Amino acid sequence: MRKVYRITRRVAVSNASVLILGETGVGKELIAGAVHQLSHRSGRPFVRVNCGALSESLLESELFGHVRGAFTGAVNNRTGRFEAAEGGTIFLDEINSTSLTLQVKLLRVLQEKEFERVGDTSTLRTDVRIIAASNRNLMDEVRAGRFREDLYWRLNVVPIEIPPLRDRREDVPALVSFFLDHYNELNDRYVAHIGPGTMEAMQDYHWPGNVRELQNYIERAVVMAETDELLIDLLPECVTSGNPGTIMSPSGEQPIDLDSATKSMVYMGLNQAGKESNDVYREVVDHVERELIAQVLRDCGGVQTKAATRLGMNRNTLHKKIKELGLDG
């Protein structure tokens, strides 16, 4: 994190584009805000846009604005976020969610500093610093054909990679102290002491939801505490039991990205296998393979030919795997 802070301070005084990378919940927006506040643009607007929350057409209108009659429902002219951020900074979160068509227009803004409102022919100039963020590896997205390579290199002038909380557990006490102060003041409480075993449990936990998850648990604990002490009983079972947390349930609870889910699942597999195991690879991989094949079979209505096509294997190989993994019952 010291490296993150050092890069943040150095890049802030420039006009360079910044690409912030990290899992969901690590604090990418906070770093973007710090870059803006430490820059010469701090007196101008800091405009946030969550690119993953809007459809392509709505996002284009949100970013660039539109003129009356541009589409159904456009009854008035509308100023876009780039115009609203004039002279300041625009933060494009989840930039990986944008379509290839919109990426072309973003590339033009980065290179030419100009754009058109949706439905308009006049070109507008803009003086805006762009900070983008992604919870996915954008180079992997480029290789998969989902993200333009030229836009990637324009955004990736100065990359800032924020490590997940599980890789900096020594930060947990300071974060707990900060969130306790914040939520004590917000709720007029005085939970100032940490009970036995509480901090140890939090530092041992895997934190799949990162700092945002920790923040949520501290807020809950402050609200539910009956004394001035943060007791281990106030933390959820996933923390106190050493379980690294829900990964991805079919119902969609606690959705996290695939990289985080994989790390969490391997962590659980290693813990379950124990340090004495001499076949950790098979124990973990068999679990993943079995669940993958089972879910694909369900999605394909049990039709092995369709499932084999989706899994990228021939039907005979799949049939053999189904028997080996005990899925033929």
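This briefing describes selected strands, helices and nonpolar cores of the structure shown above. The model is predicted. Its largest nonpolar core has 29 residues, and a second, separate core of 25 residues includes Leu165, Met199, Tyr217 and Ala221.

**Strand 1 and its partners**

- Strand 1 spans residues 18-21, with Val18 and Ile20 pointing one way and Leu19 and Leu21 the other way, and all of these residues are buried.
- Strand 1 pairs in the parallel sense with strand 6, which covers residues 129-134, over 4 bridges, and within strand 6 it is Ser134 that stands opposite Leu21.
- Strand 1 is also joined by 4 bridges to strand 7, made of residues 158-161, and these two strands run parallel; here Ile20 has Ile160 as its bridge partner.

**Helix 3 and its surroundings**

- Helix 3 runs over residues 56-64, and its buried residues are Leu59, Glu60, Ser61, Glu62, Leu63 and Phe64.
- These buried residues pack against strand 2 (46-50), helix 4 (81-84), strand 3 (89-93), helix 5 (100-112) and strand 4 (114-116).
- After helix 3 comes Gly65, which has a positive phi, near 80 degrees.

**The largest nonpolar core**

- Within this core of 29 residues, Leu63, Phe82, Ile90 and Leu92 are the ones with the most contacts inside it.
- At least two residues of this core are supplied by each of strand 1, strand 2, helix 3, strand 3, helix 5, strand 6, helix 6 (138-143) and helix 7 (149-155), while the largest share, 5 residues, comes from helix 5.
- When neighbours within four places in sequence are left aside, Phe82 is in contact with Leu63, Phe64, Ile90, Leu106, Val109, Phe115, Thr126, Val128 and Ile130.

**Helix 13 against helix 15**

- Two packed helices are described by the angle between their axes and the distance between the axes.
- For helix 13 (residues 280-299) and helix 15 (residues 315-324), the packing angle is about 120 degrees and the axes lie 11 Å apart, and helix 13 passes helix 15 in a left-handed crossing.
- The contact brings Glu289, Ile293 and Leu297 of helix 13 together with Leu318, Lys321 and Ile322 of helix 15, and the residues of this contact divide into 4 nonpolar, no polar and 2 charged.

Notes:
Residues are numbered from 1 along each chain as its sequence is written. This is a predicted model: local features need pLDDT of at least 70, side-chain atom pairs count only at pLDDT 80 or more; totals for chains, interfaces and linings use all residues. Side-chain values use heavy atoms; hydrogens and water are left out. Axes are lines fitted to C-alpha atoms, for helices over the stretch in contact, and angles run from 0 to 180 degrees between N-to-C directions. A crossing is left-handed if the near helix is turned anticlockwise from the far one by less than a right angle, and right-handed if clockwise. Contact means heavy atoms within 4.5 Å. Ala, Val, Leu, Ile, Met, Phe, Trp, Tyr, Cys and Pro count as nonpolar, Asp, Glu, Lys and Arg as charged, and the others, Gly among them, as polar. Buried means under 20% relative accessible area, exposed over 50%, partly exposed in between (1.4 Å probe, protein chains only). Two strands pair if DSSP finds at least two bridges between them. A nonpolar core is a set of buried Ala, Val, Leu, Ile, Met, Phe, Trp, Tyr and Cys residues joined through side-chain atoms within 4.5 Å.
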